Amino acid sequence: MKKILLACSSGMSTSLLVTKMEAHAASIGEEAKIWAVGQDQAKKEMADADVVLIGPQMSFLKGEFQKEAAKYGINVDVIDMMAYGLADGKKAYEQALKLMGDK
Amino acid sequence: MFEKLSQYLVPIAGKLNNNRYLAVLRDAFMLAFPLTIFGSIFVVLTNLPFLDKIMSEESLNTFRTLFGNASPATMGIMSVFVVFGIGYYLSKSYDVEAVFGGAIALVSFLLLTPFVLQPENGEAIQNVIPLDRLGAKGMFLGMITAFLSAEIYRKVVQKNITIKMPPGVPPAVAKSFAALIPALITLTVFLLINVFVTAVFDTNMHDVIYKAIQAPLVGLGSGIIPTLIAVFFIQILWFFGLHGQIIINSVMDPIWNTLQVENLNAYTNGDPVPHIISKPFMEIYTVGMGGTGMTLAVVFAILLFMKSRQMKQVAKLGLGPGIFNVNEPIIFGLPIVMNPLIIVPWILSPMIVTLVSYFAMSSGMVPPPTGVTVPWTVPVFINGMMATNSIAGGLLQLVNMAIVFVIWFPFLKVIDRVNVKKEQDEMNKAS
């Protein structure tokens with residue numbers, strides 16, 4: 001099962017994207033656990049994830065999260081801006097898969 | 001050019017966001033948040049405009065007295081929560097026993113607080129703490145004291161100057177003894193500061209900090225020009241895709257929150273509200289009208305008057321969240337970020353609207369926010385009414401949204417034309 005963590009300022013705007021991503025994963029028959037947390041919990045929750053995606057308005061967190069994520073050998077990136085704005089579950093999911101594939 | 005500016009701004013945003021002290025300050029105010037919401041609910045309830053029509057004057061007064069302690073117990077002593085919060089979260093960030101850090105910070109604050117009430121005429125009353133020293137007036141001293149106190153505490157702990165209990169002693173007891181020496185050292189520092197200030201200068205730290213730091217800073221922050229500058233930077237940061245409020249609030253919140261508590265104190269006393277600018281003003285009259293940049297008006301403009309398929313799709317997605325003032329779909333979907341075509345309305349309309357709101361209130365047409373906390377996710381018009389306890393507060397927001405609509409319209413039309421042509425070209429190519 002793929003575990004994708006989304007991090008945002010308070011987890012509000014990202015929750016819509018989570019739903020869309022879950023719907024897309026289900027539609028292609030893949031099992032995925034996708035959840036969103038605020039930036040304060042992200043470092044702890046990373047331990048459970050295969051990849052971390054950050055909301056674009058918190059892009060300045062990337063460096064700090066990458067350091068933490070390196071401990072678990074997982075990748076971190078900023079969610080594609082258009083995918084985030086249009087709640088494009090497919091695009092965000094594919095971005096997450098690509099990040100996981102390079103492990 | 002935008003790319004270079006973005007590369008410059010992102011690390012600054014990161015540094016501000018990750019700065020230990022600013023993060024702790026943010027968390028400490030978050031601690032006070034549920035408490036102030038509670039207090040605010042009762043201020044709103046006991047001041048609903050139609051109450052005097054359904055209750056006799058006597059029962060209204062009884063109602064107000066009975067339920068009137070929710071606000072003093074929360075907003076009225078907000079410095080207490082902020083001080084404890086800072087002590088707690090700063091200690092936590094250093095991985096030392098946080099609850100002792102909080103308690104020690106609180107006592108440090110009390111050690112600097114005069115336990116005497118000096119009325120204008122008449123004898124001083126001993127063994128009381130004037131309430132406002134625990135509220136608005138003590139805010140900046142509280143913040144400074146808490147940071148200093150927690151720093152001393154954690155340094156002593158980290159240097160291992162503690163009493164270590166033998167194993168077998170229950171952890172709570174061991175922790176209490178471990179905190180003993182750091183507490184003694186920290187508290188003695190503040191006791192001595194107070195001795196020095198009262199014996200040598202015949203004053204107290206509350207008054208010193210209030211006159212030297214709090215009053216000037218808060219006075220500065222309550223002006224329209226610094227407010228417009230803050231709005232400008234919030235918009236610029238969002239233009240580069242960075243969360244403008246998180247960054248600007250970390251600096252301005254201490255001032256805006258203090259202004260809010262001062263307003264609420266006056267309001268619950270029946271006095272005129274002293275400040276127009278306050279935290280609720282920023283939340284209700286900037287973010288609270290459809291999100292940063294008041295984009296709900298933009299959403300309506302697109303849905304009603306624009307023809308581009310892509311824009312309408314974005315606007316449809318943005319309508320639901322926009323009603324609750326969440327507008328990331330518009331910011332990243334239109335997009336607003338890095339889009340030179342809309343930088344003019346994006347920066348200009350919030351500044352103009354803020355100016356309009358300020359003058360509506362300073363001229364007395366609309367009452368300023370009373371100081372109650374209204375969550376910024378409450379929809380527009382409702383949040384304006386709740387914050388100002390008047391219909392005029394809501395109507396002002398509608399006027400403001402109309403102004404935003406008018407400013408954005410020509411720019412949206414330009415983008416619309418460009419998009420429509422692109423969409424038509426794609427259709428022609430496909431057929």
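Tutor: The lining of the second largest cavity divides into four nonpolar, two polar and two charged residues. Here Ala, Val, Leu, Ile, Met, Phe, Trp, Tyr, Cys and Pro count as nonpolar, Asp, Glu, Lys and Arg as charged, and the others, Gly among them, as polar. This is a predicted model: local features need pLDDT of at least 70, side-chain atom pairs count only at pLDDT 80 or more, and totals for chains, interfaces and linings use all residues. Residues are numbered from 1 along each chain as its sequence is written, chains are lettered from A and ligands numbered from 1 in the order in which they are written, and side-chain values use heavy atoms, with hydrogens and water left out.

Student: What is a cavity?

Tutor: Rolling a probe the size of a water molecule over the atoms shows where empty space is left. On a 1 Å grid over the protein atoms alone, a cavity is a set of points where a 1.4 Å probe fits but cannot get out; lining residues have an atom within 4 Å of a point. Grid points are joined across faces, edges and corners, and a volume is the space filled by probe spheres set on the points.

Student: What is the volume of the largest cavity?

Tutor: About 70 Å³. Its lining has six nonpolar, five polar and no charged residues. Among them are Val231(B), Met282(B) and Pro350(B).

Conventions
1 Å grid on protein atoms, 1.4 Å probe; cavity = no way out; pocket = protein on both sides within 12 Å on 5 of 7 lines; lining within 4 Å.
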